[in-house]
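Good morning, everyone. Please look at the model on the screen while I talk about helices and rings.

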Amino acid sequence: MSDNPEIIDLAAWLQTPTGSYLRAWEQRHLNTLTADIFGFNAVQVGSPQIHALAANRMPYRWLTDNAMPGENQSELEIPQVLTHDFCELPFASQSLDLVVLPHVLEFAAEPHQVLREVERVLILEGQVIICGFNPSSLWGMRQAAGRLTGDHFLPRDGEFIRLPRLKDWLKLLNMEVNRGHFGCYAPPCETDKWLNRFSFMEKAGDRWWPYFGAVYIVQAIKRVPGMRLVGPALSRQKVKAPRGVPATNRIHKSDQV
């Protein structure tokens, strides 16, 4: 049985040993992904316990959440914007270069509408990064069993989204998946001691069973449907002369200098 059966929300779960293990893995990969994304405006939506924009170098970065910041969130060093609903983000259309959704969609009442709102605020070629729990994993199977027994391993209110389904949603919104990662292959343990003992499975999992990590990170780029890139004028073909050329216009070898 779980030592903390009262933990039902994501914020509290992220403070457990298992949540800390997940945050450490996600932090490493988010730092790598966001460090090379440039622009002016970046926003993290929800989950202030995860510092998704810590390595990003854009001049304007925000965190938007539906709760006031706590005392332990001062280390974020980015301003927070309070919003009532993630389906209505307080940003102008086509104003953001990067949006990060760390475990937002699986706890949203209307996850597809949240994605629509992200598509609205992103500029053309803007990017979105999504973190989510993978139902097709050891953690996901443990959670499915917990729904029957009442012994939840992951946050109880999460409706975890399979990666193929998420890709379909992104495709419908003209968001092209650029890259992705799976991680947290350790068995569903609840103590630091056992999680550290199985840490060797991270490298093994990437090689032998890459689609069964407990969490995934997906990066996608906003495209425009029907957009066709036109090459430079120098690439145009020269106008060819008509086939029938008068004989008087031909240059004979005897006329050359």
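Helices (H or I, at least four residues) and strands (E, at least two) are DSSP runs, numbered from the N terminus. Axes are lines fitted to C-alpha atoms, for helices over the stretch in contact, and angles run from 0 to 180 degrees between N-to-C directions. The model is predicted: local features need pLDDT of at least 70, side-chain atom pairs need 80 or more, and totals for chains, interfaces and linings use all residues. Residues are numbered from 1 along each chain as its sequence is written, and side-chain values use heavy atoms, without hydrogens and water.

Helices first. Helix α3 (residues 111-121) packs with helix α5 (residues 163-172) at about 40 degrees, with axes 10 Å apart. So α3 is oblique to α5 (under 35 degrees is roughly parallel, over 145 roughly antiparallel, 65 to 115 roughly perpendicular, the rest oblique). Pro111, His112 and Leu115 of α3 touch Leu166, Trp169, Leu170 and Leu172 of α5, where contact means heavy atoms within 4.5 Å.

Now the rings. Rings of Phe, Tyr and Trp (its six-membered ring) pair if their centres lie within 6.5 Å; planes under 30 degrees apart are stacked, over 60 edge-to-face, the rest tilted. How many aromatic pairs does this rule give? Eight. Take Trp13 and Phe133: their centres are 5.5 Å apart and their planes at 80 degrees, so this pair is edge-to-face. Trp13 is in helix α1 (residues 10-13) and Phe133 in strand β5 (residues 122-133), 120 residues apart. Both Trp13 and Phe133 are buried (under 20% relative accessible area; exposed is over 50%, partly exposed in between; 1.4 Å probe, protein chains only). Tyr60 and Trp62 are stacked, at 6.4 Å and 15 degrees.
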